[in-house]
Amino acid sequence: ATWGYGNDNGPATWVKSFPVAAGTRQSPIDIVPTAAKCDTKLTENPLTVNYSPEPAMELCNPGLSVKANIKSKSVIKGGPLEGEYKLEQFHLHWGSADKQGSEHTLNGKMFPAELHLVHYNATKYSSFGEAVDKPDGLAVFGIFLKISDKPHQGLKSLTDVLSEVQYKDKSINIKQEYNPVCLLPDNINKYWTYLGSLTTPPLCESVTWIVFEEPIEVSEDQMKAFRALCCGECGSAPIVDNYRPPLPLGNRQLRASFQ
Ligand SMILES: C[C@@H](NC(=O)c1ccc(Cl)c(S(N)(=O)=O)c1)c1ccccc1O
Ligand SMILES: [Zn+2]
């Protein structure tokens, strides 16, 4: 049986096929800002993002989320990172209703969705596949989505075409010159960071998480577009509630780049 988010193949069952699910650096976590340690080292070496436009970005529906695969050289460095990390893909997790959907929570509060920009350590490893199971292999930007009456212009290029990848294994190419930098919040200097894992199988403990304090704002119609995606072919269930609930922080240190 393949893993998923249903009752018989959801997060509570993943440990059977992926024992690391019971590990000590699993993600997501509940972010409690008052428990975070403000670390000036994070600001002395500011996080820098050098994303470039994608000539033809491939958007696909692998059945559990919607994913955009990145081909051009878009890199990040600084903050908690050593070396340069290259953007590999981005995808989202969302709920069946606005009250749930994010993976990380903030003081126990869930957001309607969470955007993940997945990078791999290109200084040390030659591909995402090589980096995915190394302790310093990956760095993921976690961005909360909140509802507003205006659509998010950067996401609009994706939400306007989601109907074309409604079914599993469908993929399309997005308009020319899409720059993923349009997905980031205005202020990327305020974030929390901790050592964690992939939140989907294989759940490797290889991720330096960088979760931004500032959410991006999307419209209810854009959320409806994500909820109209299907897990399989025509008539299959919608992709909703594809989030893993938070795991214990345990002995890990949650650091903040701000007071
Ligand atoms: C759901 C999606 N997961 C990833 O691709 C994924 C890869 C790396 C990271 Cl770091 C994360 S995460 N959520 O921790 O940011 C998610 C997926 C999994 C398996 C097959 C197809 C497929 O699309
Ligand atoms: Zn994710």
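1. A handy term to start with: a residue is buried if it has under 20% relative accessible area, exposed if over 50%, and partly exposed in between (1.4 Å probe, protein chains only). At 2% relative accessibility, H116 therefore counts as buried. H93, at 1%, is buried too.

2. A word on where this comes from: the model is predicted, local features need pLDDT of at least 70, side-chain atom pairs count only at pLDDT 80 or more, and totals for chains, interfaces and linings use all residues. Residues are numbered from 1 along each chain as its sequence is written, chains are lettered from A and ligands numbered from 1 in the order in which they are written, and side-chain values use heavy atoms, leaving out hydrogens and water.

3. Now look at the whole protein. You can find 5 helices and 15 strands in it; these are DSSP runs (helices H or I, at least four residues; strands E, at least two), numbered from the N terminus. The C-alpha trace spans about 50 × 40 × 40 Å along its principal axes. Of the 259 residues, 52% are buried.

4. Which residues hold the zinc ion (ligand 2)? H91 (NE2), H93 (NE2) and H116 (ND1) coordinate the zinc ion at 2.0 Å. Donors here are N, O and S atoms within 2.8 Å of the metal (3.2 Å for Na, K and Ca), and since water is not among the atoms, sites may look incomplete. The donor residues follow the spacing H-x1-H-x22-H in sequence. H93 sits in strand β7 and H116 in strand β9, so this pair ties together parts that are 23 residues apart in sequence.

5. Next, the inside. A nonpolar core is a set of buried Ala, Val, Leu, Ile, Met, Phe, Trp, Tyr and Cys residues joined through side-chain atoms within 4.5 Å. The largest one has 44 residues, and L59, V66, F90, W94, L115, L117 and F141 have the most contacts inside it. Strand β7 gives the most to this core, with 5 residues. A second, separate core of 23 residues includes Y125, V207, W209 and V211.

6. T208 counts as buried, at 8% relative accessibility. Leaving aside neighbours within four places in sequence, its contacts (heavy atoms within 4.5 Å) include R25, P80, L138 and Y194.
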